[in-house]
Amino acid sequence: MTWSRNTRTRNTLDATLHRLEQRHNALLRETDGIGLVLRGTIGARMMRCGQRTCRCKADPPRLHGPYYLWTRKVAGKTVTVHLTAEHAARCQEWTANMRRLDRLVKALQDVGLRAARAVARSG
Ligand SMILES: [Zn+2]
């Protein structure tokens, strides 16, 4: 039995797609167990107040804070929310989960792109 070029190409494509599907499924399994996700950044900031004679105006200045902030974009505008230290720690974990999920989604998209290219190449 001689394989035609088309059969060989199809088998190669099937093998490639199978490999990509396995990678896809492995990435999906990695999303399992990701906790709550939150868009935005958690930051801590030291600040000056409005009083003229305050320790924050001294030399060297002793600033107020830290103040914890959650910033995110809403319809193109930066929105800032003040948090307690405790809530900031919790939200920080959620933003880390968001970044992890973003990385996995990006990796899934790359796998899909490779699959589409393999299909396109096979004619
Ligand atoms: Zn002050």
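User: Which residues is His64 in contact with, leaving aside its neighbours within four places in sequence?
Analyst: This is a predicted model. In it, His64 contacts Arg45, Met46, Met47, Arg48, Cys49, Cys54, Arg55 and Cys56.

User: Is His64 buried or exposed?
Analyst: Buried. Its relative accessibility is 16%, and buried means under 20%.

User: Where does His64 sit?
Analyst: In strand β2, which covers residues 64–74. The bridge partner of His64 is Met47. Strands β1 (residues 41–47) and β2 pair in the antiparallel sense, with 6 bridges.

User: And β2 with β3, how many bridges?
Analyst: 7, and that pairing is antiparallel too. β2 and β3 form a hairpin with 2 residues between them. Ala75, in the turn, has a positive phi of about 50 degrees.

User: New topic. How many salt bridges does the structure hold?
Analyst: There are 2. In one, Arg39 pairs with Asp102, with the closest N and O atoms 2.5 Å apart. That pair links distant parts of the chain, 63 residues apart. Arg39 is in the loop between α1 and β1, while Asp102 is in helix α2.

User: What about Lys106 and Asp110?
Analyst: Their side chains form a salt bridge, 3.3 Å from N to O. Both residues lie in helix α2, 4 residues apart, about one turn of the helix. Lys106 is partly exposed at 47% relative accessible area, and Asp110 is partly exposed at 33%.

Definitions and conventions:
Residues are numbered from 1 along each chain as its sequence is written. This is a predicted model: local features need pLDDT of at least 70, side-chain atom pairs count only at pLDDT 80 or more; totals for chains, interfaces and linings use all residues. Side-chain values use heavy atoms; hydrogens and water are left out. Buried means under 20% relative accessible area, exposed over 50%, partly exposed in between (1.4 Å probe, protein chains only). Contact means heavy atoms within 4.5 Å. Two strands pair if DSSP finds at least two bridges between them. A salt bridge is a side-chain nitrogen of Lys or Arg within 4 Å of a carboxyl oxygen of Asp or Glu.
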